[in-house]
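This briefing is meant for someone meeting the structure for the first time. Please look over the sequence and the model before reading on.

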Amino acid sequence: MIEIKDIHKSFGDNEVLKGISGKFKPGVTNLIIGGSGSGKTTLLKCMIGLHTPEQGSVLYDGREFTQLNTEERIEIRKEIGMLFQGSALFDSMTVEENIMFPLNMFTDQSRSEKLERVNFCLNRVNLEGKNKLFPAELSGGMKKRVGIARAIAMNPKYLFCDEPNSGLDPKTSIVIDELIKEITEEYNTTTIVVTHDMNSVMGIGDYIMFLHEGKKFWEGSNKEIAKTDIDELNDFVFASRFMKAAKDKL
Amino acid sequence: MNFTNFGRYILLLKAAFRRPEKMKIYMKAIFQQMDFIGVGSLGLISIISTFIGAVMTLQIAFQLVSDFIPKTIIGSVNRDSSILELSPTISAIVLAGKIGSAISSEIGTMRVTEQIDALEIMGINAPGYLILPKIIAGITMVPMLVIISMVLSISGGYLGGTLSGAVSSAEYIQGITTDFNPYTITVALVKAFVFGFIITSVPAYEGFYVKGGALEVAQASTRAVVVSCISILACDYIVTQLLL
């Protein structure tokens, strides 16, 4: 489980996060949602240590991440898998080398064992046989799937996904969402997805935290989200014509 | 580079020299960088050094027109100039342009496309993995390139001088072999070592802290070359002052 307590983060005079707390449980897909500039990516980066919050704490199964030294942080980071918004695949490496990279760095497995793991991960994201392609030869959806394969290569306890659907068509978005949900349930990972895609919210949002102007405005599940009286949340949820039409029908 | 930048540069170097996660992976990266910096720059350094040597001979011959000065001096002036100054410094400035911009843009692009974040999230020491192999390759390959440059510059001087008739073959060879002080080679190699460090570490710093997109990567690349060149010339003066 990951717990955040009273996270504050500013950039100059701009206070982006204004005291956010919450708990993210394992085995369920946790979503952080909100409009552009609401602070969701900043919160994610504070949780994984790419930003240092001015105040508050991040606990990984009780271990206070923000107070750890570099070596102790590295130990926790070995338990983290991350899917970046732009996939962040290493351009100079093939798909196989990308997925094998963390295995090369942190395990003493033989080449055949590592290759077996790479093929398993590729198979898991339905990309078997694409080992020798370079990132430049992949479509956006394939890059995301390779990103997921690399993220799960080390059997992570915690999986973070930063806007996994950005730039993807609706059909591919659903494939990525379902993949994230399946992996979360299969490996009992604590998965946190930052998104503003309502398809994802309604499809895989077991637990949802809604951020607005740097504050937590609401938390609940995808079954509850359409029934709230919070104006800010309704403005966000029913911003699209499709969602508005669906609500009007109900 | 102001004091804040210098402080960040030192901290980045400290992180880069932390113990590697896996030596085997680092060794592979070091050899790749040696190939890029050393073998990849050999052609350019060879051409530049040969022509500089040839031009130097012609200019020295032009300036030393006197019955009181033996023509053998052309060879010895060319030798000492090539070894002490032209080969290390001109090579370093050329390499700062070629290698420095490549290092800065490579690391800068990795920064803006979140590849460095990905390394850090994996628990990998990103400065160590990305910068240390480049620095090691720089401080080993730049001195080797400088040695090759010295040989080719002196040889270029021979070709330029004899083909133009500015100096005879015998006079030039007598000039380069008379009163040779091997210490000049030591000074040149110390310079090459320092320059190799600057050529790799300064652009790596500029690239590592890029924020923004393609424009900022290009600006960092330009800044890397400018700062490297100025640092090379400043260190050239300091090393010369200290060792000669």
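How far apart do the C-alpha centres of domain 1 of chain A and domain 2 of chain A lie? In this predicted model, the C-alpha centres of the two domains of chain A lie 25 Å apart.

- The domain assignment divides chain A into domain 1, which is made of the segments 2-79 + 157-249, and domain 2, which covers 89-155.
- Where these domains meet, 10 residues of domain 1 of chain A are in contact with 10 residues of domain 2 of chain A.
- On the domain 1 side of that meeting, the largest share comes from helix 6 of chain A (residues 170-187), which supplies five residues.
- Sorted by class, the side of domain 1 of chain A that touches domain 2 of chain A holds seven nonpolar residues, two polar residues and one charged residue.

**Chain A as a whole**

- The secondary structure of chain A consists of nine helices and 10 strands.
- The radius of gyration of chain A is 18 Å, close to the 18 Å given by the globule rule for 250 residues, so chain A is as compact as a globular protein of that length.
- Taken along the principal axes, the box filled by the C-alpha atoms of chain A is roughly 55 × 45 × 30 Å.
- Of the 250 residues of chain A, 40% count as buried.

**Where chain A touches chain B**

- Between the two chains, 14 residues of chain A are in contact with 13 residues of chain B.
- Helix 2 (70-77), strand 6 (80-83) and helix 3 (95-106) of chain A each contribute at least two residues to the side of chain A that touches chain B, and the largest share, three residues, comes from helix 3 of chain A.
- The residues on this side of chain A divide by class into 10 nonpolar, two polar and two charged.

**Strands of chain A**

- Strand 1 (residues 2-11) and strand 2 (residues 14-24) of chain A run antiparallel and are joined by eight bridges, and A:Glu3 has A:Lys23, in strand 2 of chain A, as its bridge partner.
- The hairpin formed by strand 1 and strand 2 of chain A has two residues between the strands, and A:Gly12 takes a positive phi near 65° there.
- An open sheet of four strands in chain A has the order 2-1-4-5, with antiparallel pairing.
- At the edges of this sheet are strand 2 and strand 5 (63-64) of chain A, each of which pairs on one side only.

**Helix 6 of chain B**

- In helix 6 of chain B (residues 169-177), the buried residues are B:Tyr172, B:Gly175 and B:Ile176.
- After helix 6 of chain B comes B:Asp179, which has a positive phi near 55°.

Key: Residues numbered from 1 in each chain as written. Chains lettered and ligands numbered in written order. Predicted model: local features only at pLDDT ≥ 70, side-chain atom pairs only at ≥ 80, totals over all residues. Domains from an automatic or database assignment. Contact = placed C-beta atoms within 7 Å. Nonpolar A, V, L, I, M, F, W, Y, C, P; charged D, E, K, R; others polar. Rg over C-alpha atoms; globule rule 2.2 N^0.38 Å. Buried ≥ 20, exposed ≤ 12 C-beta atoms within 10 Å, placed from the backbone. Pairing = 2+ DSSP bridges.
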